[in-house]
Amino acid sequence: MRIMRSALGRARGMGAAKSGVQHWWAQRLTALALLPLALYAVLSVLLLEGASQAEMLRYMAEPWNGVLFLALVIALFYHLQLGLQVVIEDYIRSEGKRLAVMLAMRATAGFFGLLAIISVLKLSF
């Protein structure tokens, strides 16, 4: 028995299951957050050019600096994961390879993100 459906009827329900919109918004919001945070990081580096280690530690010990650098690291690595996820999903066809690469990417990004967070915390305290 053959069921007659229109093209729209066949395509309905085959989309991203509503997760695509959340992913799209997360990418845009992290990109928007990264603009002022990256500018802050660049200005901080320029401000600390030629500073001694003690001056650098004093700068990072101020609460606002530590918080802003932590926000930068978190937004940066989350944005990185979102972007790489799209590339992996688009270009790796095999389900098994895609899962393996996705897990490796998330583990690597998580490791280096955690390393960066610990580095900021060590400088701040």
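**Note on a helical model**

1. Start with helix H4. H4 has 29 residues and reaches 42 Å from its first C-alpha to its last. That is close to the 42 Å expected at 1.5 Å a residue. Keep in mind that this is a predicted model.

2. Now the overall make-up. The protein comes to 5 helices and 0 strands. Along the sequence, the pattern reads α-α-α-α-α. Of the 125 residues in the protein, 26% are buried. The accessible surface is about 9500 Å², and 71% of this surface belongs to carbon and sulfur atoms.

3. Look at how the chain meets itself. Take the contacts between residues at least 6 apart in sequence. Of these, 73% join residues at least 24 apart.

4. Which residues of H4 are buried? The list is Asn 65, Gly 66, Phe 69, Leu 72, Val 73, Ala 75, Phe 77, Gln 81, Leu 82, Gln 85 and Ile 88. Val 67 is also found in H4. Val 67 has a relative accessible area of 47%, so this residue is partly exposed. Buried would require under 20%.

5. Helix H5 can be read the same way. H5 has 30 residues and reaches 43 Å from first C-alpha to last. The buried residues of H5 are Arg 98, Met 102, Met 105, Ala 109, Gly 113, Ala 116, Val 120 and Ser 124. Check the spacing of those numbers against a simple rule. An α-helix has 3.6 residues a turn, so residues three or four places apart point the same way.

6. What covers the buried residues of H5? The cover includes helix H3 (53-61) and H4. The next points take these helices in pairs. Two packed helices are described by the angle between their axes and the distance between the axes.

7. Take H4 with H5. H4 spans residues 63-91, and H5 spans residues 95-124. Their axes come within 10 Å and cross at roughly 170°. Angles over 145 degrees count as roughly antiparallel, and H4 and H5 are therefore roughly antiparallel to each other. By class, their contact has 17 nonpolar, 6 polar and 3 charged residues.

8. Take H3 with H4. These helices pack at an angle of about 80°, with their axes 5 Å apart. H3 and H4 are therefore roughly perpendicular to each other. From H3, the contact uses Tyr 59, Met 60 and Ala 61. From H4, it uses Pro 63, Asn 65, Gly 66 and Phe 69. By class, this contact has 5 nonpolar, 2 polar and no charged residues.

9. Take H3 with H5. The axes of H3 and H5 come within 7 Å and cross at roughly 105°. H3 and H5 are therefore roughly perpendicular to each other. On the H3 side are Met 56, Leu 57, Met 60 and Ala 61. They meet Val 120, Leu 123 and Ser 124 in H5. By class, the contact of H3 with H5 has 6 nonpolar, 1 polar and no charged residues.

10. Finish with Ser 124. Is Ser 124 buried or exposed? Its relative accessibility is 14%, so Ser 124 counts as buried. Ser 124 sits in helix H5. Leaving out residues up to four places away in sequence, Ser 124 touches Met 60, Ala 61 and Gly 66. Met 60 and Ala 61 belong to H3, and Gly 66 belongs to H4. Find Ser 124 in the structure, and trace these contacts from there.

Note on methods
Residues numbered from 1 in each chain as written. Predicted model: local features only at pLDDT ≥ 70, side-chain atom pairs only at ≥ 80, totals over all residues. Heavy atoms only, no water. Axes fitted to C-alpha atoms, helices over the stretch in contact; angles between N-to-C directions. Helix = DSSP H or I, 4+ residues; strand = E, 2+ residues; numbered from the N terminus. Parallel < 35°, antiparallel > 145°, perpendicular 65-115°, else oblique. Nonpolar A, V, L, I, M, F, W, Y, C, P; charged D, E, K, R; others polar. Buried < 20%, exposed > 50% of the residue type's maximum accessible area, 1.4 Å probe, protein only. Contact = heavy atoms within 4.5 Å. Areas by Shrake-Rupley, 256 points an atom, 1.4 Å probe, with all protein chains shown as cover. Expected span 1.5 Å × (residues − 1).
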